[in-house]
Each structure stands twice: as C-alpha cells, then as structure tokens.
Amino acid sequence: MRKTIKEKHKKKKGSLYRDFLELVIVGSLTGIFAGAIVTFFNILVHEGEEISRDAYAYVRANPAFVPLLFLVLAIGAFVLGVLVNVSSVIRGCGIPQAEGATRGIVRFKWYRDLTAMFAASLLTIFMGLSIGAEGPSVLIGAAAGDGVATLGSRNEMIKKYQITGGACTGLAVASNAPLTGMAFAFEEAHKRFTPEVFICAFSSVIFGILTRSLIYNILGMEIESAFHSYVFHEMPISDYGFVVIAGIACGLLGVGFYKACFLMRKLFRMITLKKPQVTYGVRIAIAVMLGGIVSLLTVSVMGGGHDFIESLGTGGGVRSPSAETAFGSSLVWALLIVLTLKFFITTVNVGSGIPCGVFIPIIAIGACLGGLLNRLWVVIDPDMVPYCDLMVMICMAAFFTTVVKAPITSIVMICEFTGSFAPLLPVIIAVSIGYIIGEMSRTDGIYEELLEQYEHEMGIHERAVREVYVLDLVPGALADKREVRNVLWPAGTRVKEIHRGEETILPEGDTVLHCGDRLTIVCKTDEPKKILDELKHILE
C-alpha cells in the first residue's frame, strides 16, 4: 500500500515538473517573439512621435498648411476605419481585449489582429494624436502569444498562459518595467495568483526584456531610463497631510474621468447610421479631427505623455518645471489648459473606439494634477520644494488606481519608474485613498467595464449556451489538492457540485479538491468544445 502511495506521489511530482518545464519553454518562446515585435513597434512609435511633433510645429509656424493637415487627418481616419472593420479586436485601447483573451472570452486571429493593431496604432501616433504605445503593446504581445501557441498546436489552457505571457511582455517592454508587467498578469488579467500564470509570465517577461536589450545593442541604441529628471527625497511624516489631500484630489478627479469616459461613449453611440462600418468610420473621423485640433493647440497633449511627464521633474527642487507654456500663459495656467485638453481628448478616444492606448495618457493626467498641486504646496509651505517630484509620482499612482482599480500594479510601477523605495509609504497611502474613493463611488476598473461593453457589442453573451460537464479528477492533474479558487478555470465556468464517494459537496472557494472527486461544472459559453478541452487539461 505504501509503495502504491509513493508511486502515485512520484508520478504526480513528475507530471508537475513536466508541466512547469513546458510552461517555461513556451513562455520563453512567447517572450522572444512578443519582445521582438513590441520592441520594433516602440522604436517606430518613438520615431513617429518625433516626426509628428516636427510636422505640427511647422504647421503652427505656417498656418497656411492647416487645411493640408486636416486633409491628411481625414485620409488617416478613413484608413483607421478600414482597419477597425477588418479587425474588431483593435477597437479601443487594446488592454480590455487582451484581458478578455487571457481569460478565454475573446478569440484572436493572431496574424490579422497583430498586424492591424500594429498598423493602426502607428498611424495614430504619426498623426500626432494623444495616444500612448503601452495599451497597443499589450494587445500586440497577447496576439503574439496566441500566435506562438497556435503554431505550436498547444491546447486551450496552455494558449491562455501564453497569451498572458505575451500581454505581460508587451507592457514590460513598452514601459521598461518588468515587475509591472508581471503584476499586470495577476491583478488585471486573471485577478488571481496561480503557479502556472507566474511561471509563464515570469519566463515570458524575462526573455522579452533580454530580446529587447539584444535588439537595442545590435542597432546601437540605448535604453533610456524613465523620468530621469526626477530626484526623490524621503518625506517626513509631518508632511503626510499633503499626501492625504493629493489622494483625495486624485480620487475625485479619477471618478470624474471614469464617468466622463462612459458618458462620451453614450454620446458617440448616438451617432448611428444604416451600415455599422460607416458608423464606426464617422466616429473615428470625429475623434481624429478633435485630436488634431487639440494637438495643434499645444505639443504637451501629443502622444502618450512621456515627454510631458519628464518636463514636470524638478531634479529634487534644484530647478523649475520646464513644461511648455500654452498660449503664452504662466506655468499654472499652462498646466490647467493641458490637464483640461488631455482629460477631454482621452475621454473622446475612449468613447469613439479609435485604436489607441490610454495607459500612459491616464498617468499623464495624474502627473499634470500633481504638478498643479505642487504649485499650491510650495505657496503654503516653501519647505515642500524638495518633495515636488515625489508628489507628481504620488498623484500618478493615485489617479491611475482610481481609474483602473489596480493598486498593486500602481505601487510596483512607481517604484520601477523611480528606481527608489522613497515614494513607497506615501504612494501606498495616496493609492489607498484613491481606491477607497473609487469604491465609494461604485466605479469598476475602466478596463473591466470596457471589456464588458465589448462583449455586449460583439454579441458574445447572446451566442453563449449553457453546458453541464461531469468530469473526474485524476491523480497528478493540475487541480489535484488545490482550493477551488486557486484553479484557473475557464471563463464563465462554475463548479456546482463535488461528488466524493457517497458524499455530495457544495463547494466554496476554500474547498480543497482531491483525486477521485467527480465534479459537476456548469458553464455558459459560445465555445463549448474549447471549454471542454480546457477542463480536461485541468482535471485529467
């Protein structure tokens, strides 16, 4: 009997080792493929931002070319409309669809969706719109992960892990923040931690970052650290009242931004024509024209906002912020104008469904609010000057948390951006306040809500049918000896009953599964065969 138990134990350990080794291998391949594509995408984005800034600066200096600018924008809007109709997945900022793909809700045609998002996002950048590269990079990475899994003929469960790894790699490479990319997998993509997700995300991100470094070395380029104009000093606890006020301000503005985004979506839905293709084209054209007008007014609104955030750094109080003044105004009025325009055009982008990235624009809005609050702090207490850079980062994290509902990702992101733990405690305090205000206002994470609306628009819920599966849990399976909540079940599934011998168990989250259990699983899905394949991988 003992020998039999030992043999089963060895068999299970051997099976786990093989599973984990497989995840490391497929994660590494995913990281290399996704890392290479996202690296080239971000290199082109950087060049596109430089070209568009020069073009808009020339048009500002020569107003006679304004009609030509808007003609080019109109042509670009038409191309975007065609790309969106070719691939509906690229509609919007990319991250919600990538999250849906990691959970098995959204299905990619990886070569089509990757190419369409790559081309559409580059086009918006070259047109000088207020759009970042991080969101599209997440979707491009996720599609690359799907492509590696498809070419390798992996089952549905492994494919989900590879899509997750690709999405994390996309964010890590685009933001130069590998830990932030990994935190995204647990807090945003799956909203849980499992060893399989960690292993695949870790190996993908590591090999993605290595691939990016290799490409940069070959091209003779340097990887610039983010926000090098910022210097941080540890803030005394006596000044934490400013942190609390900043958290409240960011929370309130974040709730307003969230509601404005979905109000704008309602307004754009009122634009309805006979053909859906024409409807989407008109919505995108409106967003492009408004974006062109805003970018023509001030360079600080163009692109994602990296350069603008960098311009707010004071070097630890040794110099004044160098943010561009708008309309010849003072710095305070310039920041107010930029905040208003960035807030407005980002909500327009979200509402219209234009292929865009709002990850960095959201952070830029928080940074702009931080710059404004800094001017107030310095007036109230001149001794706050050394902490101005810290306050900008605090506001970035608190605003992002309120809008996205990802506090851990926000905290990790700021520590990676700054390369310092000095902001840790005040960032945690401000992030907590922003998160609480968001919860009190009953707002969901913006990406979650956008994914829900995308499912409704695509008719995913309407196509779903109810399925009931009865499967046995065999020794050595992934779910063996795990709590129900710690198993990465397919999207839309629920373990209804567990039959253990003569006993029938109504499971809760902490119910531990054992080999020999017979599970009754209820699922509502539009892909019943793929769901069954995933369940077999988990249980058999």
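Which residues have the most contacts inside the largest nonpolar core? They are Met396, Ile446 and Trp489, and the core has 163 residues. A nonpolar core is a set of buried Ala, Val, Leu, Ile, Met, Phe, Trp, Tyr and Cys residues joined through side-chain atoms within 4.5 Å. Buried means under 20% relative accessible area, exposed over 50%, and partly exposed in between (1.4 Å probe, protein chains only).

This is a predicted model: local features need pLDDT of at least 70, side-chain atom pairs count only at pLDDT 80 or more, and totals for chains, interfaces and linings use all residues. Residues are numbered from 1 along each chain as its sequence is written, and side-chain values use heavy atoms, with hydrogens and water left out.

**The core**

Helix α14 (residues 388-404) gives the most to this core, with 13 residues. Helices (H or I, at least four residues) and strands (E, at least two) are DSSP runs, numbered from the N terminus. Now take Ile446. Leaving aside neighbours within four places in sequence, Ile446 is in contact (heavy atoms within 4.5 Å) with Phe257, Tyr258, Cys261, Phe262, Val403 and Val404.

**A helix pair**

Two packed helices are described by the angle between their axes and the distance between the axes. Axes are lines fitted to C-alpha atoms, for helices over the stretch in contact, and angles run from 0 to 180 degrees between N-to-C directions. The axes of α7 (residues 178-189) and α15 (residues 407-418) come within 9 Å and cross at roughly 175 degrees. That makes α7 roughly antiparallel to α15, since angles over 145 degrees count as roughly antiparallel, under 35 as roughly parallel, 65 to 115 as roughly perpendicular and the rest as oblique. Pro178 and Phe184 of α7 are among the residues in this contact, as are Pro407 and Met413 of α15.

**The sheet**

An open sheet of four strands has the order β1-β4-β2-β3, with antiparallel pairing. Two strands pair if DSSP finds at least two bridges between them. The edge strands are β1 (465-472) and β3 (503-505), and each pairs on one side only. Neighbouring strands are turned by 20 degrees against each other on average, direction ignored.

β4 is mostly covered: six of its eight residues are buried. Eight bridges join β1 to β4. Six join β2 (residues 493-500) to β4 (residues 518-525). Some facing residues are listed here.

| Residue | Opposite in β4 |
|---|---|
| Glu467 | Cys523 |
| Arg494 | Val522 |
| Ile498 | Leu519 |

Helix α19 (residues 528-539) lies across β1, β2 and β4, running at about 25 degrees to β1.
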